[in-house]
Amino acid sequence: QVQLVESGGGLVQAGGSLRLSCAASGLTFSTSTMGWFRQAPGKEREFVGSIFWRGEVGNYADAVKGRFTISRNNAKNTVYLQMNSLTPEDTAVYYCAAGNTYPKPVDYWGQGTQVTVSS
């Protein structure tokens, strides 16, 4: 059974930083594309970014380019989302995703972690 467990969400002031983690189990992590999506209240879930199994970074959403960075540690079966220069528009539930499609993995999903950015 595949499990993706996100952590690291919380409340941060505008301009601050957060790092989300996603611990994966039940899948061949080292050959899976890992990604992050987010869903703000009243909006559809949107792609944030992804990282290929070899460590090449996929597409980032225009709204986060230059501020967010995705990385992975295959030895720990963990993917990270470093978020800098956060704005209130980044407030959303952030979901970890895994799969075999690139750049948008959609086969497996985590439960989500809330990120709230105050102004």
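Let me begin with a pair of strands: β4 and β8 run alongside each other in the antiparallel sense, joined over 7 bridges. What we are looking at is a predicted model, so please hear each value that follows as computed from that model. Within this pairing, arginine 38 stands opposite tyrosine 94, which belongs to β8.

Now let me step back to the whole chain. How many helices and strands are there in the chain? There are 0 helices and 10 strands, and read along the sequence the pattern is therefore β-β-β-β-β-β-β-β-β-β. The radius of gyration is 13 Å, close to the 14 Å that the globule rule gives for 119 residues, so the chain is as compact as a globular protein of that length. Along its principal axes, the C-alpha trace spans about 40 × 25 × 25 Å. Buried residues account for 45% of the 119 residues, and the accessible surface comes to about 6,000 Å², with 47% of that belonging to carbon and sulfur atoms. If we take contacts between residues at least 6 apart in sequence, 55% of them join residues that are at least 24 apart.

Next, a sheet. An open sheet is formed by 4 strands, in the order β1-β3-β7-β6, with antiparallel pairing. The edges are held by β1, residues 3-7, and by β6, and each has a single partner strand, so one side of each is left without a neighbour in the sheet. On average, and ignoring direction, neighbouring strands here are turned by 15 degrees against each other.

Which residues touch the most other members of the largest nonpolar core? Of its 27 residues, they are Met34, Trp36, Phe68, Val79, Leu81, Met83 and Tyr94. The elements that give two or more residues to this core are β3 (18-25), β4 (33-39), β5 (46-51), β6 (68-73), β7 (78-83), β8 (92-99) and β10. Taking methionine 83 from that list, and not counting residues up to four places away in sequence, we find that it touches Gly16, Ser17, Leu18, Leu20, Arg67, Phe68, Tyr94 and Val115.

I would like to finish with that valine, which lies in strand β10, residues 113-118. Is valine 115 buried or exposed? Valine 115 has a relative accessible area of 0%, and because buried means under 20%, it counts as buried. Leaving aside neighbours within four places in sequence, valine 115 is in contact with Gly9, Gly10, Leu18, Leu20, Met83, Asp90, Thr91, Ala92 and Tyr94. Finally, the C-alpha atoms of valine 115 and glycine 8 are separated by 8.6 Å, although these residues are 107 apart along the chain.

Technical notes
Residues are numbered from 1 along each chain as its sequence is written. This is a predicted model: local features need pLDDT of at least 70, side-chain atom pairs count only at pLDDT 80 or more; totals for chains, interfaces and linings use all residues. Side-chain values use heavy atoms; hydrogens and water are left out. Buried means under 20% relative accessible area, exposed over 50%, partly exposed in between (1.4 Å probe, protein chains only). Contact means heavy atoms within 4.5 Å. A nonpolar core is a set of buried Ala, Val, Leu, Ile, Met, Phe, Trp, Tyr and Cys residues joined through side-chain atoms within 4.5 Å. Two strands pair if DSSP finds at least two bridges between them. Axes are lines fitted to C-alpha atoms, for helices over the stretch in contact, and angles run from 0 to 180 degrees between N-to-C directions. The radius of gyration is taken over C-alpha atoms; the globule rule is 2.2 Å times the number of residues to the power 0.38. Accessible areas come from the Shrake-Rupley method with a 1.4 Å probe; for residues, only the protein chains shown count as cover.
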